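Hello,

Here is the structure you will be working with. My notes on the ligand and its surroundings follow below.

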Amino acid sequence: MTERATDPADPTEHHRATDPGVVVVVAGAVYDRGRLLAARRSAPAELAGRWELPGGKLEPGESPEEALVRELREELGVEAEPGERIPGEWPLKPGYVLRVWTARLLSGVPRPLEDHDELRWLSRRELDSVDWLDQDRPAVAEAALRLPQA
Ligand code: 523
């Protein structure tokens, strides 16, 4: 299901879409021991083979943090704790925006269960070694600033 945020009186509204017609996609800059998790998309065809910060669309009634925890559990089989929002918002296809949170791995070893066919943990100096989706690049650059130099 897709969240189209609606009620301006809802106190959680600012956590969702600023524009009620916009679908929010949340992604996680998942850290573990000084490395950032990169995931290679297996679908749809136009995005397959490109690397992203894992995540997905908000479902109705979810906060972005809840959506992120759910997506990381579904897609990677891990438990993660959301941290801070990485400032900024990046347009995707028309009507969709990407927002990114940092997240810390709590338990589990990430596996590509859904939507991905490969995962890699990248140190700061390895971040340019994968072909990130264009829209993820600014968030990856911001996330890199939060990684220890390696
Ligand atoms: N992106 C994107 N970068 C990024 C994510 C998580 C998603 O550009 N880091 C885009 C890709 C899709 C759209 O956002 O065009 C929705 O992401 P998707 O397909 O991962 O969302 P889901 O998992 O909620 O989608 P369904 O499989 O349709 O439920």
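What volume does the largest pocket have? The answer is about 570 Å³. Please keep in mind that this is a predicted model.

The pocket

The lining of the largest pocket consists of 28 residues, and Val25, Arg41, Leu47, Lys57 and Lys93 are the ones nearest its centre. By class, 13 of the lining residues are charged, 12 are nonpolar and 3 are polar. At least two lining residues come from each of strand 1, strand 4, helix 1 and strand 6 (96-107). Helix 1 contributes the most to this lining, namely 4 residues.

The ligand

The largest pocket is the space that the ligand takes. Strand 1 (23-32), strand 4 (55-57) and helix 1 (64-76) are the elements that give two or more residues to the shell around the ligand. In this shell the largest share belongs to strand 4, with 3 residues. The shell is made up of 8 charged, 7 nonpolar and 3 polar residues.

Contacts

There are 18 residues around the ligand, and those that come nearest are Arg41, Leu53, Lys57, Gln135 and Asp136. For Arg41, an N or O atom of the side chain is 3.1 Å from a ligand oxygen. Leu53 has a polar backbone atom 2.7 Å from a nitrogen atom of the ligand. At Lys57, a polar backbone atom is 2.8 Å from an oxygen atom of the ligand. On its own the ligand has 600 Å² of accessible area, and the protein covers 78% of this.

Regards

Key: Residues are numbered from 1 along each chain as its sequence is written. This is a predicted model: local features need pLDDT of at least 70, side-chain atom pairs count only at pLDDT 80 or more; totals for chains, interfaces and linings use all residues. Side-chain values use heavy atoms; hydrogens and water are left out. A residue is near a molecule or strand if one of its heavy atoms lies within 4 Å of it. A polar contact is a pair of N or O atoms within 3.5 Å; within protein, one must be able to donate a hydrogen and the other to accept it, and residues adjacent in sequence count only if both atoms are side-chain atoms. Accessible areas come from the Shrake-Rupley method with a 1.4 Å probe; for residues, only the protein chains shown count as cover. On a 1 Å grid over the protein atoms alone, a cavity is a set of points where a 1.4 Å probe fits but cannot get out, and a pocket is an open set with protein on both sides within 12 Å along at least five of seven lines; lining residues have an atom within 4 Å of a point. A molecule sits in a cavity or pocket if more than half of its atoms lie within 2 Å of its grid points. Ala, Val, Leu, Ile, Met, Phe, Trp, Tyr, Cys and Pro count as nonpolar, Asp, Glu, Lys and Arg as charged, and the others, Gly among them, as polar. Grid points are joined across faces, edges and corners, and a volume is the space filled by probe spheres set on the points.
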